[in-house]
Amino acid sequence: MAIRQSEFPHDFLWGASTSAHQVEGNTHNQWTVWELEHAKSLAAQAEYHYKDLDNWDDIKAQAKNPDNYVSGSASDHYARYKEDIELAHSLHMNALRFSVEWSRIEPNMGSWDSQAIAHYREYVSKLKKQGIEPVLTLFHFTVPVWFSEMGGFEKRSNSKYFIRFAEKILTELGGDIRYVITINEPEVYAFESYHLGHWPPGAQSKRAALTVLRNLISVHNQTAKMIHSLHSRYKVSIAKNSNYFYPGDDAVLSVKSAQAMQYGQDDYVLKRVVKQCDFLAVNYYFSHRVYGYRTHNPNEHVSDMGWDMAPADLEFVLERLSRKYKLPIIITENGCADSSDAKRQWWLKETFGAMQRALKQGVELQGYLHWSLLDNFEWDKGKWPRFGLLAVDYTTQERTVRRSARRYGEVVKKIRRI
Ligand code: BGC
């Protein structure tokens, strides 16, 4: 990877991301309940959904096994976080994005679990000791069962419970936190959980999805105001999944559709939250080639999940968002499912090139957090997709540093002049 130090600011955040339910293990929230109810049917549908993937033969035993769809002990990060943070440090990272699990902190409405709070306090203090900046996410797709039974984010009047939780945990974690992400990918959550019905609560209603999306926008704005009122050191954002749409030909329909899709993807949410954001938190995985009013990707490179891989297009996402919203940007997720680690190094190289070009174009890019630090539970796909810089053996919980991760670490070491 030909990277020049001078192009990255000296205080650039280099690291990775995780989310509580996907790595901690032994959580009890609305997802845990849903997984247990749906594991058998997800396993039965696996062949239908995944049989066309190039790696079907490699994944089929796992994908057809109901255990794959139950997070269970996941990557056991709740118990092994010290080891994982030390590994992140050994890879020269200086930032880690993680989420706190609301259902541990407030297992019953209004009652706080002091042990869970102490755990996250120790977690943050371990990060600080290793010179790693915590980037805290408050909502990454999971909520306590009691909150979900009350209607979750579909009911605007429930927002106050989330804001109360946010205030509690920020007050408890004290002065070590600066970066806070209120909500992860509001559209993905609204769409998967309330329109497609792939995720709990499994609703299939466009109207419900739009209600949830609007409520999450309002939750972000209220939570951000509350956080800013606690202390001026906080830098708050919402993690936005930003895809890149481009016309595949110069037909007016393709050009107009790509523009409309880009607007729907980014701007519907961003223009409603940007006043309550100190920076843009960008999750980038996809770009889409648009012909007419449909997307049809080149699929020159595909990930284990069959996703078209176009890491270099990150440059255009960064440049567009920076031009339009004039805020600093931190990439809060970016990566690929690649169990054999054959493509991740290429993905990183392309991504770093895209970041360099964007910086040269004047984008105020402040950090890069790879998804993910370690292999994790990939929601309704379960455990077969492998996004980790660290490979996890789910039987022994042994961690192995993937080759691409070592290379990432070497590049960061050089850039940070360690
Ligand atoms: C989510 C992660 C997920 C990743 C890969 C993002 O949309 O925030 O939770 O694991 O994509 O699918």
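At 10% relative accessibility, E133 counts as buried, where buried means under 20% relative accessible area, exposed over 50% and partly exposed in between, computed with a 1.4 Å probe on protein chains only. The side chain of E133 meets that of R178 in a salt bridge, 3.0 Å from N to O; the term stands for a side-chain nitrogen of Lys or Arg within 4 Å of a carboxyl oxygen of Asp or Glu. This pair links distant parts of the chain, with R178 in the loop between α8 (159-173) and β4 (179-184) and E133 in strand β3 (residues 133-139), 45 residues apart. Helices (H or I, at least four residues) and strands (E, at least two) are DSSP runs, numbered from the N terminus. R178 is partly exposed, with a relative accessible area of 32%.

Before going on, a word about the model you are looking at. It is predicted, so local features need pLDDT of at least 70 and side-chain atom pairs count only at pLDDT 80 or more, while totals for chains, interfaces and linings use all residues. Residues are numbered from 1 along each chain as its sequence is written, and side-chain values use heavy atoms, with hydrogens and water left out.

Side chains of opposite charge can pair when their charged atoms come close. The whole structure holds 21 salt bridges. One of them joins R104 and E24, whose closest N and O atoms are 2.7 Å apart. Because R104 lies in helix α5 (residues 102-105) and E24 in the loop between α1 (20-23) and α2 (30-50), the pair ties together parts that are 80 residues apart in sequence. R104 is buried at 16% relative accessibility, and E24 is buried too, at 3%. Another bridge brings together R320 and D267, at 2.5 Å from N to O. With R320 in helix α12 and D267 in helix α11 (residues 252-273), this pair ties together parts that are 53 residues apart in sequence. Both R320 and D267 are buried. Elsewhere, R121, K168 and E172 are linked in a network of salt bridges.

What about a charged residue without such a partner? D308 is buried yet has no salt bridge, and the nearest side chain of opposite charge, R289, is 7.8 Å away; here Lys and Arg count as positive and Asp and Glu as negative, with His and the chain ends not counted. You will find D308 in the loop between β9 (294-295) and α12 (314-325). A polar atom of the D308 side chain lies 2.7 Å from the backbone nitrogen of N299. That is a polar contact, meaning a pair of N or O atoms within 3.5 Å; within protein, one must be able to donate a hydrogen and the other to accept it, and residues adjacent in sequence count only if both atoms are side-chain atoms. Leaving out residues up to four places away in sequence, D308 touches several others, including Y285, S287, N297 and H301, where contact means heavy atoms within 4.5 Å.

Y285 also leads us to the ligand, as one of the residues that surround it, along with Q22, H140, N184, E185, W307, E333, W371, E378, W379 and F387; each has a heavy atom within 4 Å of the ligand. Oxygen atoms of the ligand lie 2.8 Å from an N or O atom in the side chain of N184, 2.8 Å from a polar side-chain atom of E333 and 3.3 Å from one of W371. S372 sits in the loop between β11 (365-371) and β12 (390-392).

Now turn to the nonpolar interior. In soluble globular proteins, nonpolar side chains tend to be buried together. A nonpolar core here is a set of buried Ala, Val, Leu, Ile, Met, Phe, Trp, Tyr and Cys residues joined through side-chain atoms within 4.5 Å. Of the 120 residues in the largest one, W14, L138, F153, M355 and Y368 touch the most other members. Helix α10 (residues 206-230) gives the largest share of this core, 10 residues. Apart from it lies another core, of 10 residues, among them L13, A95, F279 and L369.

K326 and Q397 are not glycines, yet K326 has a positive phi of about 50° and Q397 one of about 65°. K326 is exposed at 66% relative accessibility, whereas Q397 is buried at 5%.
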